[in-house]
Amino acid sequence: MKTRRNPFTTLYVTERLDQADFPALFSPVLVPHITPLFEAGNVVVKGTQGTGKSMLLALLRTEVRMAYAESMTDEYPIDDKDICQFLCAGINLSTDQALRSAGRWSGSGRDRDDELRLCFVDYVNSWILRDLLQSIDVLLSRPGVLWAPLELGGNGDAFVQSLRLMAKHPSIPIRTSDRITPRTAVAELTERIDGYLRFFNGRPKQLPAEVTESQTQSLGQPIADAVEMLQQAGCLARSTRVLIMLDQFEQLLELEACLPNRPYGLLRDTIEQALHRRKATLNFRIGTRPYAWNEPVGEAIRDYLALNLDDMLARKEHGNRKLFPSLASDVFARRLRVYGYRELADATDPVSSAFGPYPRPRKRVKSIGANVDWSQRMSIPQRVDAEIAGRLRALAKSEPLEAKLGVAWALQKAEECDLKEFAVEEIDDLPWNKGKGWWKKERLHLAILQLASDNRQKVVMFGKKDLLDLSGQNVLTFTSICQHIWECWIRHLAIEKISEPRFPIDSKLQTEGILWASDTWHQKISQESWVGDTLLAFVDELGNRLRRMLIDDEAMSYPGGNGISLANRDLRAFPQVRQILSEASGRGFLLQRRHTPKNRARGESTKWYLHPVLAPYYEVTLNHTKEPRYVSGAEVQAWLERAGVALSAPAKEQQLTLPGVEDATS
């Protein structure tokens, strides 16, 4: 039997992908929306986990650009020569070991903080300078690929001349040598970096004097000086932009939080200060999760441009609703093509071909209880008129969904309800089916959830629309769900010894994979460094509370009760509530939106929903079509206490509040 591979086994492809494979797997759908990333000026790319920050930043790297230039099938997603006239050097603050320094400083005190800051800055400067020199060397080794076509600069002799100038400059850690070459310069920087790593590990106990005496105190300064010398020697054209990339900026916050005295801003400020200096020769590219980036008031527009991928991908009432579906479909097809599912990848709509159509409400109910006597199983409150209840039970035998809606209708319209409204021959003549049917549409999902609860089952989920809705406009979540479904499917093929499988994948296998993925994402909450247990306790309390309120709302008065809304003035009055909601949103477990309540006296508000991928785990509805449940800060504070969450109000300089919440509540 043919071995089937899971195209989604590796979710974080940027960190494990061979550069030559990048063009085939990268989706260019977002590129037209983020063109400032390639142009002059500082850019901060913000987004929660899985929005694609690292993939987009990887487009700037020399190795990736050369892979595109040499690819026979994929073209670089920017075809403007002027925009492409840049050179990139950078560091991933997590994978390139810039954070190894944290283990070296176990005590507290201003002197130790200063030493940590100095070592961090010099390590990052050395790494980026080495990356810059290596990039130029690689490009000059094959000038016909990018260097000459983009007119990036002069020849190898000019490069060596610039290195001689650098060797005489005090801010650049390269020894003076008449025989300096790109290889020897890179080797010296590598030795400096390796020396730092040995020092971070505890051996030696002290950095050598030649390092401490030449440490640079300003992040980016040696690179700026090096660029000026590269231009002076004619190696780099004056029109060539140098982009300095720093990815996973949020890891600096994690490091600061782990230090004994939690000096928030100790390391992050070094990068923000570099942006504020606005060096003409350098253009910074910062990749970060929102919770780690505190925007200085009045400086954002002048110092840098912020590209918020979450806002870009979020559904907007009058915005582009097709952006995320297009991105997900392209990512999906590219994965399939690379892993041997070419026929499926080449379908007009690969996602729909693999997972099938959206399940209609009646089919969902049938999947919940195919052989159930709903006339006995369905819950009808005693306060419903006995004759109406009898009619609804009779209706439930063939149309359980209509009967469940009828229960809500009878409870909402108790004083004006008439048995004649229910004693009709045609389903379309039932009162909630007349007119435009908005009342019914807004309550369908809640009715299905309550039926599933009556039968002690979970709502089945499958098909393209369910997968996209569960993803919450997040590519990582989408590929994670696909990963779990594919794993269930491959296991099924092996057990049943099916050699010629057909698509779409069976709905039961899809539901199994979705529930598995939801459980996996729930487990991820506790894995968040230093706040995971607190977040898990709160999100569990919120999710379980929302489910109980939805199930108990037999009149379906709050079909939008799968979310909460707080007045912004309440958020200011309850800093602990504001902090926990901010943390949960910034780390992607809650979705945060501005809210204009129908009750204008309530004032500006903010609303939160569980991330859709958690909806199956907590058994709440997905749709966000109606008003969320209005709650007070005091209520949420009581939930925190019930969950055992005790947050102390942080000092202003230590607040980890999202900029988005700052804006919403100011």
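What share of the 666 residues of the protein chain count as buried? The share is 56%, where buried means under 20% relative accessible area, found with a 1.4 Å probe and protein chains only. The model is predicted, so local features need pLDDT of at least 70 and side-chain atom pairs count only at pLDDT 80 or more, while totals for chains, interfaces and linings use all residues. Residues are numbered from 1 along each chain as its sequence is written, and side-chain values use heavy atoms, with hydrogens and water left out.

The protein chain has 31 helices and nine strands, which are DSSP runs (helices: H or I, at least four residues; strands: E, at least two). Its radius of gyration is 29 Å, close to the 26 Å that the globule rule gives for 666 residues, so the chain is as compact as a globular protein of that length; the radius is taken over C-alpha atoms, and the rule is 2.2 Å times the number of residues to the power 0.38. Along its principal axes, the C-alpha trace spans about 100 × 60 × 45 Å.

A disulfide is a covalent bond between the sulfur atoms of two cysteines, and here it is counted as a pair of cysteine sulfur atoms within 2.5 Å.

| Cysteine | Closest cysteine sulfur | Relative accessible area |
|---|---|---|
| Cys84 | Cys88, 13 Å | Cys84: 7%, buried |
| Cys488 | Cys482, 12 Å | Cys488: 3%, buried |

For Cys84, the distance to the sulfur of Cys88 is too far for a bond.

Key. Buried < 20%, exposed > 50% of the residue type's maximum accessible area, 1.4 Å probe, protein only.
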